[in-house]
Amino acid sequence: MIPYENLLKKTRVYETLKQDVAQGNVSHCIMVVSEDEIACKSMCKLITRMILCENGDCGICKSCKDVENNVHEGVIIPLALNADGLKDFIAKSYIAVESKAKVLLIDNFQDIALKEQNRLLKLIEEPIGNAVFVIGVTHLAAVLETIKSRATKYTLAPFTNDEIKQALLERYDAFSVDKALKFADGSLTKAIGIIDNISFIDSYAFALNTMNELNNSAYLLEIVAKSSIKNKRTFNEKKDQLLKYLNGFEIVLKQLIEYKSGVNQEVEDIIKEIDKKYNMATLVNVEDLIIKSVENAQNNCDPDGILYQLLMDILEVRFKCQI
C-alpha cells in the first residue's frame, strides 16, 4: 500500500486524475505541486499506479503491487539527479516496454539543477510513444518556466487537522498526533517530522530563544555561532539545518500572531514574553522575511549568511515599526 493513500484518494487531485485516466484524457506531463513533500511523493506514486493499472487503480493486481514495490518495468526513475543520472534516465526512456504505458517518474523535480532540467526539456516536449511524465514539485520557483508551461499542473490543497489526524492514528499514538497538529499547518510532512524528529524541539527552542533575546546587533554573530549550522560538515547538512530553524521561526511567528490577535490565548509563557517586544506590524513584516529566507535557502545561498541576514532584518523591521 502506498503511504497515506486513503487520505490522498479523497483529494480533488486524485478524483480529477482518475476521471481523466478513465476517459483516456491523460496529459503527457503531469506535475503534482505541493509543499507537503510526503503527500507530493505519495501522490506521484499513486498516479503512476493509476496510469499503469488495467482496472482503474485497483491496488491489488500485479501491476499495482509492482508499482508499490518499485519493480514495475514500465516505471523509469533516475538513479541520481545529476548529469550522469539524468543521461541514463533519458536513455532508458527510449527502451520499449510491454506494459500498458511507460511512466517517467521524478517525484523531487525541484532538486534538479536548472542546467540539468534543460536536458529533459526535449523529452517533455516530444514524449516517446505512450510515455507519461509524472513530476512532483515542492518548490515551484525552482522549475524552469519552459517546463512548467508544458506540464498540466495539479495542486494539492493543505489537509484539515481532522484529515491528518485520521491518517496518522493508523501509525502513531493520539498524544503525539495531537501535539504535532498544533504546528502542522495542514502538512502531512510537518506533522510526521514533528513526531519522528527530535531535532524539531531543538529548532523550535532556538527560534523561541532567538526571538526573545534578539535586542541589538551586537549579539547577532554570537547567536549564529551558537546555532547547529556551524557543526554541520556539508553544504546540504547546513541547508537542511537552516530550513529546520526557519520552520521553527514560522511556528513561533504563527503563535505570536494568533496570540496578539486574540485567536489563541493558550500559549507558553515565553510566547507571552516575546509578544511584549513585537507589535503586529513587525510580526507581519517578519513573516515576509522568513518566506524570503526560505526561498534563498532553496536557491542554495549560504546558510550562515541567510540566518545572519534574517536576524539583522528582523532588528531593522522591529526598529522601523516601533518609531
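Author: N70 is exposed, with a relative accessibility of 56%; exposed stands for over 50% relative accessible area, buried for under 20%, and partly exposed for what lies in between, using a 1.4 Å probe and protein chains only. The place of N70 is the loop between α4 (62-68) and β2 (75-76). Helices here are DSSP runs of H or I with at least four residues, strands are runs of E with at least two, and both are numbered from the N terminus.

The model is a predicted one, in which local features need pLDDT of at least 70 and side-chain atom pairs count only at pLDDT 80 or more, while totals for chains, interfaces and linings use all residues. Residues are numbered from 1 along each chain as its sequence is written, and side-chain values rest on heavy atoms, with hydrogens and water left out.

The backbone of N70 has a positive phi near 60 degrees, and N70 is not a glycine. Most residues other than glycine have a negative phi. Y4, also not a glycine, has a positive phi of about 60 degrees. Y4 sits in the segment before α1 (5-8). Whereas N70 is exposed, Y4 is buried, at 9% relative accessible area.

Start with α15 (residues 280-298) and α16 (residues 303-322), which pack at about 160 degrees with their axes 9 Å apart. That angle makes α15 roughly antiparallel to α16. Under 35 degrees counts as roughly parallel, over 145 as roughly antiparallel, 65 to 115 as roughly perpendicular, and the rest as oblique. The axes are lines fitted to C-alpha atoms, for helices over the stretch in contact, and the angles run from 0 to 180 degrees between N-to-C directions. The crossing of α15 and α16 is right-handed, a term for a near helix turned clockwise from the far one by less than a right angle, with anticlockwise being left-handed.

The residues of α15 that meet α16 include T282, V286, L289, I290 and S293, and on the α16 side I306, L310, D313, I314 and V317 are among those involved. Contact stands for heavy atoms within 4.5 Å. The contact of α15 with α16 has 10 nonpolar, 4 polar and 2 charged residues; Ala, Val, Leu, Ile, Met, Phe, Trp, Tyr, Cys and Pro count as nonpolar, Asp, Glu, Lys and Arg as charged, and the others, Gly among them, as polar.

Next comes α13. Its axis and that of α15 come within 10 Å and cross at roughly 160 degrees. The two helices α13 and α15 are therefore roughly antiparallel, and their crossing is left-handed. Among the α13 residues in this contact are L242, L246, F249, L253 and I257, and among those of α15 are L283, V286, I290, V294 and A297. By class, the contact of α13 with α15 divides into 13 nonpolar, 2 polar and 4 charged residues.

The remaining pair, α13 and α16, packs at about 25 degrees with axes 9 Å apart, so α13 and α16 are roughly parallel. F235, K238, K239, L242, L246 and F249 of α13 make this contact with P303, D304, I306, L307, L310 and L311 of α16. The contact of α13 with α16 has 9 nonpolar, no polar and 3 charged residues.

F249 of α13 takes part in the contact with α15 and in the contact with α16. Not counting residues up to four places away in sequence, F249 touches F206, A207, T210, M211, I290, L307, L310 and L311. F249 is also one of the residues with the most contacts inside the largest nonpolar core, together with M43, I51 and L168; that core has 78 residues. Such a core is a set of buried Ala, Val, Leu, Ile, Met, Phe, Trp, Tyr and Cys residues joined through side-chain atoms within 4.5 Å.

Helix α13 (residues 235-260) also holds Q255. Q255 is buried, with a relative accessible area of 13%. Leaving out residues up to four places away in sequence, Q255 touches F183, Y204 and I271. In the chain as a whole, buried residues make up 48% of the 323 residues.
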